[in-house]
Amino acid sequence: MNILTIDIGGTEIKSAIYREDGEPVQAFPNQPTAVTRDGNRIGEQIVAWVKDVQKTHDIDGVAIASAGVIDHERGEVVFAGDTIPGYSGTALSALISEQCGVPCSAENDVNAVALGESWLGAAKGSSSALCITVGTGIGGAIVIDGQLIHGHNFAAGEIGYLPAADGKTFEQSASTSALLADYQARTGERIDGKTLFARAAAGDSHAEAALTRQIDVLAQGLLAANYLLAPQTIVIGGGIAAQRDILEPRIRAAFEQQIKSPRLMPQHIRCAALGNKAGMLGALRHYCQIHS
């Protein structure tokens, strides 16, 4: 069975064909998401893309991961913020099924990352996992016994909204945006995340101070979720996951310093392992779970 997987973000769309066991068949170039200041044409764009793929490949279904709050049962966008105007109410699964003649599923992108990492990535073999993605904001998802926990109104895992000690939310204090803003406040210089980690490794005291603060705040927020969920594995995704050698030992050390008892420690704290494939592989897993 060949499944076309599509990962819809606010700026670009990734896609590839996978077999149901996660074996890659064909990767495709990323394409810009059809979003304007006043609306979007994502539904039309996805339908057109599926039809193009069908001209050269036999596909048995389409698995979508998408930004926004997704009704995973109906495959519909329940809510999307300003990043994708006019996206709320888009019936992704129905559009594909009706216009392309193949079954389709849709899941939230962070949920898909968590499902992919639990299936084939950093949380493989774990009975429970909390996955967060750290970027402009912080998203979260929970997987228990291989199944996503969606919660009321499909809103489980919104860890970024947790209140932080400084009166801000968790994502306002611990996101990559917050890390870079901290460095800029210390130095007056705007840099990107890759540069900050390089400077910290080279001994830049300001970069090191900003990074230390972020790790402490990140650990505090994760501890709150850890006490509630007791996950076997915590997975940290997003662009900072590339800094595995720096982050994993330091976040674990921060946990060990702050946690009430060693028995409450998660067994694993790991950076995500699947990179930009995680959302597509998670979408594939979700598709296979509901169409098996």
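Select strands S8 (residues 128–134) and S11: they run parallel and are joined by 5 bridges. Strands here are DSSP runs of E of at least two residues, numbered from the N terminus, and two of them pair if DSSP finds at least two bridges between them. The model is predicted, with local features requiring pLDDT of at least 70 and side-chain atom pairs counting only at pLDDT 80 or more, while totals for chains, interfaces and linings use all residues. Residues are numbered from 1 along each chain as its sequence is written, and side-chain values use heavy atoms, without hydrogens and water.

Next, display the residues that face each other across this pair. Cysteine 131 lies opposite valine 235 in S11, and leucine 130 has isoleucine 234 as its bridge partner.

Move to the other neighbour of S11. Strand S12 (residues 268–271) pairs with S11 in the parallel sense over 4 bridges, with threonine 233 opposite histidine 268.

Now show the whole sheet. It is open, has mixed pairing, and comprises 5 strands in the order S10-S9-S8-S11-S12.

In S11 (residues 233–237), 5 of the 5 residues are buried, so the strand is largely enclosed by the rest of the structure. Thr233, Val235 and Gly237 are buried on one side, and Ile234 and Ile236 on the other.

Finally, select glutamate 23, in the loop between strand S2 (12–19) and strand S3 (24–32). Glutamate 23 counts as partly exposed because its relative accessibility is 43%.

Technical notes: Buried means under 20% relative accessible area, exposed over 50%, partly exposed in between (1.4 Å probe, protein chains only).
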